[in-house]
Amino acid sequence: MAKTKDHVENRDVMKDDFGWEVPTELVPLPTKGLIYDPESRLYNREALKIKAMTAREEDILSSQALLKEGTVLDHLIKSCLTDQGVDPSDMMMGDRNALMVAIRITGYGPEYNVETNCQKCAERNKVKIMLDQLHIKRLSINPVKEGANAFEFKLPVTKKTVIFKYGTQRDRREYVEREKNLKKHLEGMIEKNVTSNLEMSIVSIDGVTDRNKIRHFVMNMPAFDSKALRSYINDHEPGMDMRWSYTCSSCGHENDITMPMTPEFFWPST
């Protein structure tokens, strides 16, 4: 039997001594691995194997250092992946979300309890969402070329051809860091929710790739173009369909909501 350099037997104690194995399962990737670089370990991977959450992963979730650093979920996903060569920061957000939902189910079950206001009477409702009933949104549009995270869209008003991409966690972190380093302008007090997302997504406009020029175009593009592009990107983004329906306990109205990702998702109170 193999031993480590410290002469400790290298064996599965849980299996050999306690007769129990940590369960594993395959999680389908919404992108099907089609838009990763051919050099990536994720290229053409239709699924990734994870192991179930254990007390070790709860240690990760409770790590104040990782929480402060903002990398706790990266470490959680990494710990549960059986392929340790995959970096969660480089995964498309849709694939990453699919893994997080699956990991959460293995740890605390499929029930996810949230509170939300009825869209008709504003009554506060307690809603039980079943995570194992959420649907996967598969990649439904073709990239400009195989193995490229790049998609084409023609703006309806300006008629410009936009090449956009779907972001990774690393993309988002780098963008936020760049924003922090920019000098404050007069519009600095305005939250740039719309333009920031577009700037992160757009790779080129009519072949122009200069980031400052793209930023200028985005800030001044017609609202109709902005809405059309955002709708196209959102409607076709691969990932988890987070929509959920429930009936209001007070007025009986049928509500359609987008599942909120509250702290209860990975830190359930019950």
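Trainee: What share of the residues counts as buried?
Mentor: Of the 270 residues in the protein, 36% count as buried. Keep in mind that this is a predicted model.

Trainee: And how many helices and strands does the protein have?
Mentor: The secondary structure comes to nine helices and eleven strands.

Trainee: What about contacts across the sequence?
Mentor: Take the contacts between residues at least 6 apart in sequence: 60% of them join residues at least 24 apart.

Trainee: Let's pick a helix. How far apart are the end C-alpha atoms of α9?
Mentor: They are 20 Å apart. Helix α9 covers residues 223–236, which is 14 residues, and at 1.5 Å a residue it should span 20 Å, so the two values agree.

Trainee: Which residues are buried in α9?
Mentor: D225, S226, L229 and I233. Looking down the axis of α9, these buried residues fall within an arc of 100 degrees, so they line one face of the helix.

Trainee: What is on the other side of α9?
Mentor: A223, F224, K227 and D235 are there, and they are exposed.

Trainee: And what covers the buried residues of α9?
Mentor: The cover includes two strands, β6 (151–154) and β7 (161–164). It also includes helix α7 (193–201) and strand β8 (202–205).

Trainee: At what angle do α4 and α5 pack?
Mentor: About 70 degrees, with the axes 11 Å apart. Here α4 is residues 72–80 and α5 is residues 93–108. An angle from 65 to 115 degrees counts as roughly perpendicular, and α4 and α5 are therefore roughly perpendicular to each other.

Trainee: Which residues meet there?
Mentor: From α4 there are L73, D74, L76, I77 and C80. They meet R96, L99, M100 and I103 of α5. The residues of this contact divide into seven nonpolar, no polar and two charged.

Trainee: Stay with α5. How far does it reach from its first C-alpha to its last?
Mentor: It reaches 22 Å, close to the 22 Å expected for its 16 residues at 1.5 Å a residue.

Trainee: Which residues are buried in α5?
Mentor: M93, G94, D95, R96, A98, L99, M100, V101, A102, I103 and R104.

Trainee: What comes just after α5?
Mentor: G109, which takes a positive phi of about 90 degrees.

Trainee: Where does D83 lie?
Mentor: D83 is in the loop between α4 and α5.

Trainee: Is D83 buried or exposed?
Mentor: Buried. Its relative accessible area is 14%, and the cut-off for buried is under 20%.

Trainee: What does D83 touch?
Mentor: Leaving out residues up to four places away in sequence, D83 touches R41 and R45. R41 is 42 residues from D83 along the chain, and their C-alpha atoms are separated by 9.3 Å.

Trainee: Back to phi angles. What is the phi of K32?
Mentor: Positive, about 60 degrees, although K32 is not a glycine. K32 sits in the loop between β1 (24–28) and β2 (47–51). At 27% relative accessibility, K32 counts as partly exposed.

Trainee: And N44?
Mentor: N44 has a positive phi of about 60 degrees and is not a glycine either. N44 is found in the loop between β1 and β2. Its relative accessible area is 40%, which makes N44 partly exposed.

Trainee: Now strands. Where is N117?
Mentor: N117 is in strand β3, residues 111–117. N117 counts as partly exposed, at 40% relative accessibility.

Trainee: What does N117 touch?
Mentor: Not counting residues up to four places away in sequence, N117 touches A122, E123, R124 and Y246.

Conventions:
Residues are numbered from 1 along each chain as its sequence is written. This is a predicted model: local features need pLDDT of at least 70, side-chain atom pairs count only at pLDDT 80 or more; totals for chains, interfaces and linings use all residues. Side-chain values use heavy atoms; hydrogens and water are left out. Helices (H or I, at least four residues) and strands (E, at least two) are DSSP runs, numbered from the N terminus. The expected span of a helix is 1.5 Å times one less than its number of residues. Buried means under 20% relative accessible area, exposed over 50%, partly exposed in between (1.4 Å probe, protein chains only). The arc is that of the directions from the helix axis to the C-beta atoms. Contact means heavy atoms within 4.5 Å. Axes are lines fitted to C-alpha atoms, for helices over the stretch in contact, and angles run from 0 to 180 degrees between N-to-C directions. Angles under 35 degrees count as roughly parallel, over 145 as roughly antiparallel, 65 to 115 as roughly perpendicular and the rest as oblique. Ala, Val, Leu, Ile, Met, Phe, Trp, Tyr, Cys and Pro count as nonpolar, Asp, Glu, Lys and Arg as charged, and the others, Gly among them, as polar.
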